[in-house]
Amino acid sequence: MSAAGRKTKADFSGPSDAAVLALIAEGDIAALSSLYDRYAPGLLRFASRLVGTQDAPDIVQSAFLRVVGLARGYDASFPSARSWLYGIVVRVIREHRRSLHRWASTLLKLAAQPAKATVSISEARPDLDACLSQLTLPKRTVLLLSEVEGFTNEEIATMLSIPIGTVWTRLHHARRELRQLYHEDDP
């Protein structure tokens with residue numbers, strides 16, 4: 001996928017991400033809005049594809065709340081906090097999923113029929129989102145980070161805290177499964 005529509009560090013004016021995070025670490029919570037304005041749209045798009053449009057705003061908000069506590073640990077040698085923020089969003093999504101699984105287990109004990117999760121499908125590419133929703137969360141996460149968000153495999157491995165070989169394997173299988181799903185939909 002092309003980089004069109006994605007913001008890069010050059011698109012932003014104002015203090016660097018490291019400077020903003022240093023302010024947040026010192027207790028300047030107002031500086032968080034600068035970071036939010038820079039990265040929230042991309043994070044919302046990413047989270048929407050992983051958990052649906054209903055949960056995505058909550059996921060992103062939770063991630064930015066965590067930034068307040070994690071800002072002191074940010075490595076200022078990285079000029080952009082983009083991959084760091086995506087890593088936080090992925091961890092929040094994992095926790096959200098675990099929470100949903102616990103909640104669903106409780107409901108299943110109380111009800112005979114399990115409730116199915118609804119998946120929001122983009123109006124622009126319903127075929128793509130329908131196929132993506134059939135991939136496992138780990139494969140979908142790696143595929144979206146690589147193909148849509150433009151991260152390198154090394155960046156993905158770092159943000160997900162997994163070996164680079166695992167990134168390659170998940171990406172390979174996700175692409176293969178996506179191709180198979182598209183061929184199944186061909187008339």
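**Close-up views of an all-in-one chain**

**View 1. The protein and its contacts.** Among contacts (heavy atoms within 4.5 Å) between residues at least 6 apart in sequence, 67% join residues at least 24 apart. What you are looking at is a predicted model, where local features need pLDDT of at least 70, side-chain atom pairs count only at pLDDT 80 or more, and totals for chains, interfaces and linings use all residues. Residues are numbered from 1 along each chain as its sequence is written, and side-chain values use heavy atoms, leaving out hydrogens and water.

**View 2. Helices and surface.** The protein has 8 helices and 0 strands, where helices (H or I, at least four residues) and strands (E, at least two) are DSSP runs numbered from the N terminus. Buried residues (under 20% relative accessible area, 1.4 Å probe, protein chains only) make up 37% of the 187 residues.

**View 3. Lys-139 in helix H6.** Find Lys-139 in helix H6, which covers residues 137-148. Lys-139 counts as buried because its relative accessible area is 18%. Leaving aside residues up to four places away in sequence, Lys-139 touches Arg-170, His-173, Ala-174 and Glu-177. Thr-169 is 30 residues away along the chain, yet its C-alpha atom is 8.9 Å from that of Lys-139.

**View 4. Ser-161 in a loop.** Now look at the loop between helix H7 (153-160) and helix H8 (164-185), where Ser-161 lies. Ser-161 has a phi near 55°, a positive value in a residue other than glycine. Ser-161 counts as exposed (over 50%) because its relative accessibility is 63%.
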